[in-house]
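Here are some notes to read alongside the model. Take them one at a time, and keep the structure open so that you can find each residue as it comes up.

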Amino acid sequence: MARTTHPAPATTDRGFAATPAEARFGEVVWAVTRLALGFVFLWAFLDKLAGLGKSTPSERAWINGGSPTTGYLSNVEGPFSGFFSGMAGQAWADWLFMVGLLGIGVALILGVGMWVAAVSGSLLLTLMWLASLPIATNPFLDDHLVYGLVLLGLAATGAGLRYGLASWWRNLPLVRRNAWLR
């Protein structure tokens, strides 16, 4: 009696088995996750810049003389309130915050500079988490920390980068010489 053999699913060095269809589906899911996180950062930038009326009214838009950090940092009440309220409305804080939101959002959407985006995005999100302490709905965890972990995971694994400009970006001579720009 002849035995029928089926091709073995692809395995990693950790023994996890994924079929080719599962691997493709995973790539798409991680690409959509990368794009969604990029849109979260880019939307925050656009709303604070132009006052699109979601979280920033037009009269408080940065282009109308408003400060993107004042509203959030002025109302910090937790253990770090002194630290964060001192930053509220400072031009350097406004510029760092806005450039960070724009850069992180664009990098994630394009799939380029993932390490810079992941580290700076995780740092920004951790600072926002510290400013929101104490958290009313959980002893310590909220979406800021979860988003930061997802950013670091995307950069560390390269998941979802097939659907972006990562291969072009990573072949640039500057990026080849400086792995941290990948």
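1. A word on helices before we start: here a helix is a DSSP run of type H or I with at least four residues, and helices are numbered from the N terminus. Just after helix H1, Gly-51 takes a positive phi of about 60°. Please keep in mind throughout that this is a predicted model.

2. Now look at H1 itself. H1 covers residues 20–50, which makes 31 residues, and reaches 44 Å from its first C-alpha to its last, close to the 45 Å expected. Its buried residues are Glu-27, Ala-31, Arg-34, Leu-37, Gly-38, Phe-41, Leu-42, Phe-45, Asp-47 and Lys-48. An α-helix has 3.6 residues a turn, so residues three or four places apart point the same way. Which helices do the buried residues of H1 pack against? They meet helix H4 (91–110), helix H5 (114–131) and helix H6 (143–157).

3. Move on to H4. Its 20 residues should span 28 Å, and the end C-alpha atoms are 28 Å apart, so the two values agree. Among its buried residues are Phe-97, Met-98, Leu-101, Ile-104 and Leu-108, and Asp-94 is buried as well. These buried residues of H4 pack against H1, H5 and H6. After H4 comes Gly-111, with a positive phi near 80°.

4. H5 can be read in a similar way. Its 18 residues should span 26 Å, and the ends are 25 Å apart, C-alpha to C-alpha, which agrees. The buried residues of H5 include Met-114, Gly-121, Leu-124, Leu-125 and Trp-129. They pack against H1, H2, helix H3 (81–85), H4 and H6.

5. Which residues touch the most other members of the largest nonpolar core? Of its 19 residues, they are Phe-41, Leu-101, Leu-108, Met-114, Leu-124 and Leu-151. H1, H4, H5 and H6 each give two or more residues to this core, and H4 has the largest share, with five.

6. Next, the aromatic rings. Searching the whole structure turns up four aromatic pairs. In one, the rings of Phe-83 and Phe-84 have centres 4.9 Å apart and planes at 75°, so this pair is edge-to-face. Phe-84 has a relative accessibility of 3% and therefore counts as buried.

7. Asp-142 deserves a careful look. Where is Asp-142 placed? Asp-142 is in the loop between H5 and H6. Asp-142 is buried but has no salt bridge, and the nearest side chain of opposite charge, Lys-48, is 14 Å away. Apart from neighbours within four places in sequence, Asp-142 is in contact with Trp-129, Ser-132 and Ile-135.

8. Last, find Thr-70 in helix H2 (residues 70–74). Is Thr-70 buried or partly exposed? Its relative accessibility is 31%, so Thr-70 counts as partly exposed. Thr-70 and Ser-85 lie 15 residues apart in sequence and 8.2 Å apart in space, C-alpha to C-alpha. Setting aside neighbours within four places in sequence, Thr-70 is in contact with Ala-88 and Gly-89.

Technical notes. Residues are numbered from 1 along each chain as its sequence is written. This is a predicted model: local features need pLDDT of at least 70, side-chain atom pairs count only at pLDDT 80 or more; totals for chains, interfaces and linings use all residues. Side-chain values use heavy atoms; hydrogens and water are left out. Rings of Phe, Tyr and Trp (its six-membered ring) pair if their centres lie within 6.5 Å; planes under 30 degrees apart count as stacked, over 60 as edge-to-face and the rest as tilted. Buried means under 20% relative accessible area, exposed over 50%, partly exposed in between (1.4 Å probe, protein chains only). The expected span of a helix is 1.5 Å times one less than its number of residues. Contact means heavy atoms within 4.5 Å. Lys and Arg count as positive and Asp and Glu as negative; His and the chain ends are not counted. A salt bridge is a side-chain nitrogen of Lys or Arg within 4 Å of a carboxyl oxygen of Asp or Glu. A nonpolar core is a set of buried Ala, Val, Leu, Ile, Met, Phe, Trp, Tyr and Cys residues joined through side-chain atoms within 4.5 Å.
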